[in-house]
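Subject: Structure for your files

Dear colleague,

Here is the structure I said I would pass on. My notes on it follow below the entry.

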Amino acid sequence: MTVDQAAGAQGTAPRSVHVPVVIVGAGPVGVTAALLLARRGVRTVVLERHHDVYPLPRAVAADDEVRRILQAAGVGEEFAAIARPARGLRLLDARHRVMAEFPRAAQGAHGFPQTSMFDQPELERLLRDALARRPESDLRTGVEVVGVGVGVGVDQDADQGADQDSGGPVRVTFRRDGVEEHLWADAVLGCDGASSLTRDAVGAGWQDLRFEERWTVVDVRTSVPVRCWEGVDQVCDPDRPATFMRIGEDRYRWEFRLRDGPEPDHERLRELIAPWADLSYGADFEVVRQAQYTFRARIADRWRRGRVFLLGDAAHLTPPFIGQGLGAGMRDAHNLTWKLTRVLQQGADERLLETYESERKPHARHAIRLAVAMGWAMTGGQDGAAALRRGVLGAAFRVPGLTAAAARDLSPALAAGPLVRRRALRRTRWGGRGLVGGICPQPWVTVDGRRVRLDDLLGDSFAVLTAAPPSPPPPPSLRAVADGLGARTVPVAGLGDDGRLAAWLREGRADAVLLRPDRVVMDVVPSGADDFTDTAGWAPLLHSTRKPAPAQRTIDTSLLRSAPR
C-alpha cells in the first residue's frame with residue numbers, strides 16, 4: 001500500500017510522497033519509458049487523465065528500430081503477434097503510376113522487418129499489461145495533472161524562489177476524484193502530447209518548421225478486394241494528395257488532404273476510395289473512424305528544465321508521411337531512460353542529462369524535415385510551378401541508388417557531441433563517418449544451442465564487442481573501461497551470426513566497440529590499437545559517485561549459457 005492509499009484508508013488528506021520518476025501521460029511513449037526504467041530498477045508513477053486506452057486507431061507504422069526498442073522494453077514478442085510487415089513506400093502520380101519506390105526489407109539492421117503495421121489500441125493495451133506486471137511501476141488513471149514545478153526540497157513551495165533549472169526535486173500536482181494531491185519526484189517525464197502542460201512548465205515554445213495542412217484520416221474495415229501492394233502509397237497529386245495503407249486482414253487507412261469546406265461525406269468517401277476498391281452500393285464498407293487533423297511540423301525550442309523533460313509529441317510534431325511520429329517519441333524514451341538511470345542510481349554527472357536534448361533534437365528535426373520534403377513531393381505546392389517541380393522530382397527518383405539512400409537516411413547516426421566523439425574515420429557503408437554515433441546491428445546469435453537476438457545476450461547496460469578471440473584476455477585498458485562501466489565484453493567470433501558482426505567491425509576498421517545501453521556506438525578501438533579513442537571525453541559524464549554494478553567477465557562460448565535475457 002502506498003502512502004497515499006494509507007492516508008485515504010484512514011480518512012485523512014493524502015500527504016505528499018516522494019518517488020524517483022513521475023511520468024505524465026500513459027500513451028505508448030510514456031509507458032515504454034516506464035518499462036525501460038523498470039527493467040533497470042527505477043520506480044515510477046505514471047499519471048494519465050483517461051481511464052482506458054483511446055479506442056480508435058492513430059499511429060499505425062513502426063520501423064525496425066522502434067521494434068528493437070519494444071524488445072528492450074520487454075514486449076517484443078507480444079508486439080510481433082499484432083504486427084504486419086509492410087513492403088515499403090511508393091510515390092504515385094495523379095493517375096496512380098509509380099514514380100518511385102522505397103522498398104523495406106523483411107529483416108533490417110535491427111533484426112526486425114523494416115516497416116510493420118499495427119493497431120495503436122492493441123499496442124497500448126499490451127504495453128499497459130506489461131507495466132501491470134512490473135512492481136516498480138504504478139499507473140494511476142483518471143487523474144488530471146494541473147501543475148509541474150521545480151523546487152529544492154519537499155518543504156519548500158515550488159513557486160517560491162527555487163532555482164528552476166536546478167537538479168532539485170520536482171513537485172507534481174494532480175487532481176483525483178476532486179481532491180488535489182502532490183508527488184515529489186527526482187525527475188519528471190512529460191509524455192503528455194501536443195497540448196502538453198509539461199511543456200508550459202519547462203517554458204518551451206514551438207519552432208515552426210513551415211508545414212501546415214488539413215487532412216482527413218479514414219480507417220475502414222471491409223471484406224471487398226482492395227488493390228494494394230502490401231505497403232504504403234503516397235499519391236503525389238496537388239489536386240487531391242492522398243495516402244493509403246493496409247493495416248490488418250480487413251483494415252485499411254486512407255488519408256486525403258482537405259480542400260476548404262466540410263469533410264467528405266459517406267458517398268464522397270466511396271468516390272475517393274474507388275481507385276483502390278469497388279465499393280458499389282451494398283458492399284461491405286464500415287468506417288471505423290473518420291477524423292480531421294491539421295498536420296504540422298514543429299519542434300520545441302527547449303526540451304528540458306532542471307529534471308523536467310519533454311518526450312514525444314510534447315517535444316516535436318511531424319507530418320505522418322514517413323511514418324516517424326511515434327518512432328521519434330520511442331527514440332526519445334530509449335535515449336533518456338538509461339542516462340536518467342545512471343544519474344539517479346549511480347550518481348553520474350548531471351551533465352549527462354544535457355546530452356538528451358543535444359542528441360535527440362537534431363535527430364528529430366531531421367526526421368521532420370524528411371517528412372515535410374515528402375509532403376512537398378506529394379503536392380509540389382499549389383502555385384504555377386507545382387507541375388514542374390513534380391516533374392523534376394520524378395526524374396530525380398529515377399537516379400540509380402537515390403531511393404535506397406533516402407531510405408537509409410530515415411534514422412542517421414547521431415550528431416557529434418559529448419557521447420558521440422567522432423574522429424576523422426573513413427566513410428563506410430555501415431556508419432557513414434565510421435561506426436561512432438551509429439547503432440550496432442542486431443543479428444541472431446547462438447547461445448548454448450539456442451537462437452536469440454543480440455540484445456538479449458548483452459542485457460540492459462553497456463557492452464564491449466571485440467573482434468579478438470576469447471583468449472588471451474583483452475588488453476588491460478579495455479578491461480578497465482569494461483569494469484568501470486559494469487559492461488560485459490563479448491567476442492563476436494563464434495556467436496553463430498554468419499560473421500555479420502565481425503564484418504561490421506572490419507568495415508568500420510575497429511577491433512572493438514563500446515556500446516551504450518541504447519546500442520549506440522560510443523567509442524571504438526581502431527584496428528591495431530589497444531585503447532578506445534576518446535575515453536577522456538566521455539568518462540567524466542559517466543563517472544559514478546556510487547559503486548557501479550559488478551563488471552561481467554569476458555564472455556566466451558562456455559559462459560553463454562548463463563547470459564541473462
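Strand β5 (residues 88-92) pairs with β13 in the parallel sense over four bridges, where two strands count as paired if DSSP finds at least two bridges between them. The strands and helices named in this message are DSSP runs numbered from the N terminus, with helices being H or I over at least four residues and strands being E over at least two. This is a predicted model, in which local features need pLDDT of at least 70 and side-chain atom pairs count only at pLDDT 80 or more, while totals for chains, interfaces and linings use all residues. Residues are numbered from 1 along each chain as its sequence is written, and side-chain values use heavy atoms, with hydrogens and water left out.

Buried means under 20% relative accessible area, exposed means over 50%, and partly exposed is in between (1.4 Å probe, protein chains only).

The three-stranded sheet

An open sheet of three strands runs in the order β3-β7-β4, with antiparallel pairing. Its edge strands are β3 (61-63) and β4 (84-85), each of which pairs on one side only. β4 pairs with strand β7 (residues 115-117) in the antiparallel sense over two bridges. The bridge partner of R84 in β7 is M117. Helix α3 (residues 64-72) packs on this sheet and touches β3 and β7, and its direction makes about 85° with that of β3. Contact here means heavy atoms within 4.5 Å. Axes are lines fitted to C-alpha atoms, for helices over the stretch in contact, and angles run from 0 to 180 degrees between N-to-C directions.

Helices α2 and α5

The axes of helix α2 (residues 28-38) and α5 come within 10 Å and cross at roughly 25°. The two helices are therefore roughly parallel to each other; angles under 35 degrees count as roughly parallel, over 145 as roughly antiparallel, 65 to 115 as roughly perpendicular and the rest as oblique. The crossing of α2 and α5 is left-handed, that is, the near helix is turned anticlockwise from the far one by less than a right angle, with clockwise being right-handed. On the α2 side the contact is made by P28, V31, T32, A34 and L35, and on the α5 side by Q120, L123, E124, L127, R128, A130 and L131.

Salt bridges

A salt bridge is taken as a side-chain nitrogen of Lys or Arg within 4 Å of a carboxyl oxygen of Asp or Glu. By this rule the count comes to 34 salt bridges. One of them joins R133 and E78, with the closest N and O atoms 3.6 Å apart. R133 lies in the loop between α5 (120-132) and β8 (137-141) and E78 lies in helix α4 (residues 76-82), so the pair ties together parts that are 55 residues apart in sequence. R133 is exposed, at 53% relative accessible area, whereas E78 is partly exposed at 32%.

The side chains of R97 and D93 also meet in a salt bridge (2.7 Å, N to O). R97 is partly exposed, at 47% relative accessibility, and D93 is buried, at 14%.

Another salt bridge is formed by the side chains of R251 and D219 (3.6 Å, N to O). This pair links distant parts of the chain, with R251 in strand β15 (residues 251-257) and D219 in strand β12 (residues 206-221), 32 residues apart. R251 is buried at 9% relative accessibility, and D219 is buried at 0%. Salt bridges that share partners join D119, D219, R251, R253 and R289 into one network.

Backbone angles to check

R210 is not a glycine, yet its phi is positive, near 65°. R210 lies in strand β12 and is exposed, with a relative accessible area of 75%. R509 likewise is not a glycine and has a positive phi of about 55°. R509 lies in the loop between α14 (500-507) and β26 (510-515) and is partly exposed, at 47% relative accessible area.

Regards
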